[in-house]
Amino acid sequence: MNNVLVGNLGPGVTEQDVRSMFEKHGPVQRFKMMTDRWTGLSRGFGFIQMTNDAEADKAVAALNGSDLNGKALKVNPARLQLHRRNRAKRGS
């Protein structure tokens, strides 16, 4: 479970802001902030990958509901995306 979903990120939050919070609980391998493909603006969530499951569990427990730039973070284990369907091609 070393992938963690971080939600409710404010528009001014940077990758370094999120990394510094999580690195208090263990090394961060990677962080990906999700952005809108047309505007490039943050979609308000991202994914953190930590080095092991125990550190990821500690980070989820410690950081869920914590404040970052005035917003309460939603931190949960990321679920595996099994199948994604292109809805634009359906029904016409």
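Helices (H or I, at least four residues) and strands (E, at least two) are DSSP runs here, numbered from the N terminus. You're looking at a predicted model, where local features need pLDDT of at least 70, side-chain atom pairs count only at pLDDT 80 or more, and totals for chains, interfaces and linings use all residues. Residues are numbered from 1 along each chain as its sequence is written, and side-chain values use heavy atoms, with hydrogens and water left out.

Start with the loop between β2 and β3 and pick aspartate 36 there. Aspartate 36 is partly exposed, at 28% relative accessible area (buried is under 20%, exposed over 50%, partly exposed in between; 1.4 Å probe, protein chains only). Leaving aside residues up to four places away in sequence, aspartate 36 touches Leu41 and Arg43 (contact means heavy atoms within 4.5 Å). Now show threonine 39: its backbone nitrogen sits 2.8 Å from a polar side-chain atom of aspartate 36.

Next, zoom out to the sheet. Four strands make an open, antiparallel sheet ordered β2-β3-β1-β6 (two strands pair if DSSP finds at least two bridges between them). At the edges, pairing on one side only, are β2 (28-35) and β6 (74-77).

Select β1 (residues 3-7), which is joined to antiparallel β6 by four bridges.

Last stop, the helices. Helix α1 (residues 15-22) packs on the sheet and touches β1, β2, β3 (42-50) and β6. Helix α2 (residues 53-63) also packs on the sheet, against β1, β3 and β6.

Conventions: Axes are lines fitted to C-alpha atoms, for helices over the stretch in contact, and angles run from 0 to 180 degrees between N-to-C directions. A polar contact is a pair of N or O atoms within 3.5 Å; within protein, one must be able to donate a hydrogen and the other to accept it, and residues adjacent in sequence count only if both atoms are side-chain atoms.
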